[in-house]
Amino acid sequence: MKKYTFVLLFMLLLQAALQASATTRRPLRIAQRGILIQQVSVQKADGQLAISMQWLIDSLRLSAQQRIVLTPMLVGKHDSITLQPVVINSKRQQIMYNRRDYKRYPHATVMEREKGGSQHLTYNMTTTYQPWMRNADFTVREDLCGCGNTEDQQATVIKRFRQPQVAYIQPQAAAQKTYELKGRAYIDFPVNRTELHPGYRQNPRELAKIVDTINIVKADRYMTITNIDIHGYASPESPYTHNAYLAEHRAATLKNYVRQLVKLDDKLFTVHYTPEDWDGLCRYIAGSNLDHKEQLLALASNDSIVPDEREARIKAAYPQAYAYMLATWYPALRHSDYIISCVVRPVSTDEAKQLIKTKPQLLSQNEMYRVAQTCQPGSKEFNEVFEIAVRLYPDDPTANLNAACTRLQEERYDEAKPYLDKAGNSPEANNARGIYCLATDNEAQAISYFKSAAQAGCQEAQANLDSLR
């Protein structure tokens, strides 16, 4: 007897999320229209996929020698899985099954067709969920003679659902890439002096931090130094004018020393200074458990009081706290901050594929996006590119949208939400919000987002609307 394969296509819709189910809206007939399938549902929870459906066989007619074997399958683009089959026997075939044929179908659901009776079968099956199943077809393969021959099978597509489509945005190419390296060194100068002694106290280590960083950047074939800024700070003790003199001249001395070691043009260097680092002192106070912490912080942060008066009031009102700050925090307020500004040259896609593993901070978003296009969409490598991008550009709408899309595709909806909040108002972002709404059982809002995005030209949003319809 010729065999036919009936294909019932369904998609594990994103809106099914973790506990929701997708259910067919109309009954379907197979086995030469003798079997009616209804209430087909799919549920995903705790890493398992549960499939259930009800089969009515009131109209099924079997000859005395006939056996029907119906085998549900999940079929993806590159993967497939065979589920527990259903065997329906005539009375005579049931006898043969009980005698010997049960060995052919050890895990099957078996029933005997009662002549002229009303019968139904509830099918329940659970299998381990795998990501490829998101776009799988659910097929019921029919063997109408029970002989196992799979030749001349016919596939009939009854209904097709597809995963809601995300829309990534390719970032614009940067006109020029810039990069900054920032650091802080604690250079020890003799008390009230501005001359630099390279071997004094911790100076060898602290000077090496600055010089080594500059030399590393100089040797990097991707970067060109455009500016080195050295900013000197002094602590609040002593008169403000004296501290201003120390901060300015110590910063200039440090600049001259570093410039000679790294052998760079003096035009590349700039020098700034802050006479007294009150902001740093406020941070220390705010993070402390000092008595009278709030009063100390109020005085230290009061810019309406001149610095010398501020320190005098703190010293007079809270002598113990002042002594502690002087001994513990003031030395750290005498520091030299440096910023090395660079221009980063454009890189090829092959170069970008290497840099994203070693120096992703040198890549623009556009270059990262090009790397992602060399990976299989949805793969670990593909998703990692957008993870790196949003980590380096945490407030950029495009970076946030693309990171949200990777999580939506992996059904990590709770993780997608914070990125969607920062994804801007592009059509692609509204399409992603529509997918999120589907996953959280807000279909009306999802349709609104899809319509808005589709009207603005997002093709993926239009496809999602068509799928819902």
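How many residues does helix α11 have, and what distance does it reach from its first C-alpha to its last? In this predicted model, helix α11 covers residues 380-392, which makes 13 residues, and its end-to-end C-alpha distance is 18 Å. That reach is close to the 18 Å expected at 1.5 Å a residue.

The buried residues of α11 are Phe382, Asn383, Val385, Phe386, Ile388, Ala389 and Val390. An α-helix has 3.6 residues a turn, so residues three or four places apart point the same way.

**Strand β16 and its partners**

Strand β16 spans residues 336-344, and seven of its nine residues are buried, so the strand is largely enclosed by the rest of the structure. Strand β13 runs antiparallel to β16 and is joined to it by nine bridges. Strand β14 also pairs with β16 in the antiparallel sense, over nine bridges.

| Strand paired with β16 | Residues | Bridges | Residue and its opposite in β16 |
|---|---|---|---|
| β13 | 177-185 | nine | Lys182 and Ile339 |
| β14 | 223-233 | nine | His231 and Asp337 |

As a general point, the side chains of a regular strand alternate between the two faces of the sheet.

**The cysteines**

How many disulfides does a search of the whole structure find? The search finds zero. For Cys405, the closest cysteine sulfur is that of Cys458, at 9.2 Å, which is too far for a bond, because a disulfide requires the two sulfur atoms to be within 2.5 Å. Cys405 is buried, with a relative accessible area of 0%. Cys437 also counts as buried, at 9% relative accessibility, since the cut-off for that class is under 20%.

**The chain as a whole**

The helix and strands described above belong to a chain with 16 helices and 16 strands. The chain comprises 469 residues, of which 47% count as buried. Its accessible surface comes to about 24,300 Å², and 48% of that surface belongs to carbon and sulfur atoms. Among contacts between residues at least 6 apart in sequence, 66% join residues at least 24 apart.

Technical notes: Residues numbered from 1 in each chain as written. Predicted model: local features only at pLDDT ≥ 70, side-chain atom pairs only at ≥ 80, totals over all residues. Heavy atoms only, no water. Buried < 20%, exposed > 50% of the residue type's maximum accessible area, 1.4 Å probe, protein only. Helix = DSSP H or I, 4+ residues; strand = E, 2+ residues; numbered from the N terminus. Pairing = 2+ DSSP bridges. Contact = heavy atoms within 4.5 Å. Areas by Shrake-Rupley, 256 points an atom, 1.4 Å probe, with all protein chains shown as cover. Expected span 1.5 Å × (residues − 1).
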